[in-house]
Each structure stands twice: as C-alpha cells, then as structure tokens.
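The sequence and structure are shown first.

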Amino acid sequence: MSNNLQISSMIPAGVRSVVIIGHIHPDGDCVGTCLGLYHYLRENMPELETEVCLQKFDASFYLLKDADRIRMMEEMDMSRVFDLCISCDASDRKRLGDAEKLFEQAVHTICIDHHITNNGFADVNYIRGGYSSAAETLGELLDMDKVSKSCAECLYLGVSHDTGIFKFSNTTLKTMIFAGQLMEKGIDQTSIIDRTFYAKTVIQTRICGYAMEHVQLYADGKISAVVLHLDDMQRFGADAGDLDGIVNQLRIIEGVEAAVFLYEQSPGHFKASMRSNNYVDVSKIAASHGGGGHVRAAGFDQSMEAEKILSMVLSEIQEQL
C-alpha cells in the first residue's frame, strides 16, 4: 500500500522505549495489528526497545511468531513510563482498559485505528474510518518492501478476521490488494484462516449451540437476540474468549437484519455486541451508550439488568427499521 506518511516518521526523535497496546478483549485484528507493528519496529528500527501489552487473547493466535512475548496486562507494571505509547484498534481511551495508565504516562502517544466513532485521543492520530481493519490502516504506514513474513502473517490475521474472511461489506478493492501483498510474503493463509477463524474447541462449539437454542426473534423476525449470563458460561466452562462468532451466527439467520448478543462479563455488567446486514447503523446505537465500532458491527458495555439493556437496544433498532 502506498502512502507518503510512514510509521518511522511519526515516531519523535529521541524515543527509545515503546509500548504497543490495544483494546480490551483483543480480537484477531487487535492482536494481529499490535504484533505486526511489533515485528516491523523490531526488524526495521532495532534501536527501539519495543513491547506489546494486551489482555488475554484466544489461544489460537499463538501460531503467530513471538505471540508468547506479548506482556499480559495483568502482569504489566502499570507504573512504567515509556517514551512512546502506540494504541492500535481502540476506538477511545476507555477501550484500553487498565493499559490506559500506560497511555497517560507516556511522553508521546500515537493512535492507529479504523473505527468511525474514533475522534482522536493521542498526540498523533492516524484514523481511517472507511478501512476494513486496523491491520489495513497500519499497512498504509508501512514500507511493504520492509514487511517480513512474520509481520505479514500478523497483519493477514487482522484483516481476515475483521472482514469475516473478506465477506463483510467493509471489504474493498484496497483491502483485497493489501491481502494479496501480504500473501506475496510467503504466508500460509489457509492455515491462518483455518486455525484461528474456523477451528473451534469443544467448549466453543457447545456454548454456541446453547446460544442458538435460546435465540429470540423480534420485529417480525428482523432482529435476533441472545442473552448469556455468567452461570450459563460456567455451566460449559466457557469465558469471554469462547464467545467469538456467536453474534455473527445470529446475523446470518434467514430474514434477520440486525443481531444483538448480550453476555455478562461480571455480576450485573454486560457486553452488548451488535451486527447488521444492510441498513441498520449499529455504530450510532453503540455510541449513544458510550461504546463504538462500525456501521455494521459495534458494541458497548453497560451495568444494568440484561432485560433492560435488550429492551433499550431493540427499541433503538426498531426506530431505524
């Protein structure tokens, strides 16, 4: 991808220590973008002391080189002051979780993101709301001749996950050209997709099956919804990382325009994930509740009874319908 601005020119002179962070409950795009940037900086700017700090992520992402070098947020010394903190794939500071402390304390900050709800919260912001993923956004800042196979694998994971393996409406010609450039680095794209997107553990399969058994339809079948409580997840030995893909299963039910998936993160605190197919703008709904995302995929957190959250969201979706 061609662009006059490159990540190397965005890093202030004198910077030596760099920490790369992403949003809470990191998905494939978050992990892939953060680790891809880590590889690029380590390989092309070795004078920098670069680290990545994230929350626990899906075990399948450990197929990426050096994924085991990512510092878990729970183990990170949050009192550390880095010369530079780079936020990837986070729509606002709240989405950084505990890592927001690293961001606040850093001497310099950069934000690289693709969420349309991101208004820019760093010293330097590179936000492309029309792009498929943070990985594609970052790719525009890299010299593709200097992108290694390891870096390319990370970025391919990111762009493939946030496009639903290139079938979501956020997939553009630019997205496909970028994916092709990454494939030319010699990556095994089939393995990346199969092992991180399609492969499911027994726990993930069972909790998804349970969720599908409890689907409720509203607005004459145009809205699908499921609510999972902590005791539901405990029954299957599942955690938040085992719930990926459920909201997209809700979205592809025949006749459905919008899907809502609520799950309890802690007692009384729920995550709402929303998806739509053609015309409902779920990013507006998420933003009105302190969340963020994209026109067809967005979410927010709320401490409230699940029934009240669902009723509220259903009403707002029906207004658009």
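This is a predicted model: local features need pLDDT of at least 70, side-chain atom pairs count only at pLDDT 80 or more; totals for chains, interfaces and linings use all residues.

## Helix H7 and its buried face

Helix H7 spans residues 189-198, and its buried residues are Ile192, Ile193 and Thr196. These residues lie on the same side of H7, because the arc they cover around the axis is only 100 degrees. In general, an α-helix has 3.6 residues a turn, so residues three or four places apart point the same way.

## Packing of H5 against H6

Helix H5 (residues 149-162) packs with helix H6 (residues 173-183) at an angle of about 150 degrees, and their axes are 9 Å apart. Because angles over 145 degrees count as roughly antiparallel, H5 is roughly antiparallel to H6. The two helices, H5 and H6, cross in a left-handed sense.

On the H5 side, the contact is formed by Ala152, Leu155, Tyr156 and Val159, while H6 contributes Thr175, Phe178, Ala179, Leu182 and Met183. Sorted by class, the contact of H5 with H6 holds eight nonpolar residues, one polar residue and no charged residues.

## The loop residue Glu254

Glu254 is located in the loop that lies between helix H10 (246-251) and strand S9 (258-266). Its relative accessible area is 77%, so Glu254 is classed as exposed, the cut-off for that class being over 50%.

Along the chain, Glu254 and Gly221 are 33 residues apart; the separation of their C-alpha atoms is 8.5 Å.

Conventions. Residues are numbered from 1 along each chain as its sequence is written. Side-chain values use heavy atoms; hydrogens and water are left out. Axes are lines fitted to C-alpha atoms, for helices over the stretch in contact, and angles run from 0 to 180 degrees between N-to-C directions. Helices (H or I, at least four residues) and strands (E, at least two) are DSSP runs, numbered from the N terminus. Angles under 35 degrees count as roughly parallel, over 145 as roughly antiparallel, 65 to 115 as roughly perpendicular and the rest as oblique. A crossing is left-handed if the near helix is turned anticlockwise from the far one by less than a right angle, and right-handed if clockwise. Contact means heavy atoms within 4.5 Å. Ala, Val, Leu, Ile, Met, Phe, Trp, Tyr, Cys and Pro count as nonpolar, Asp, Glu, Lys and Arg as charged, and the others, Gly among them, as polar. Buried means under 20% relative accessible area, exposed over 50%, partly exposed in between (1.4 Å probe, protein chains only). The arc is that of the directions from the helix axis to the C-beta atoms.
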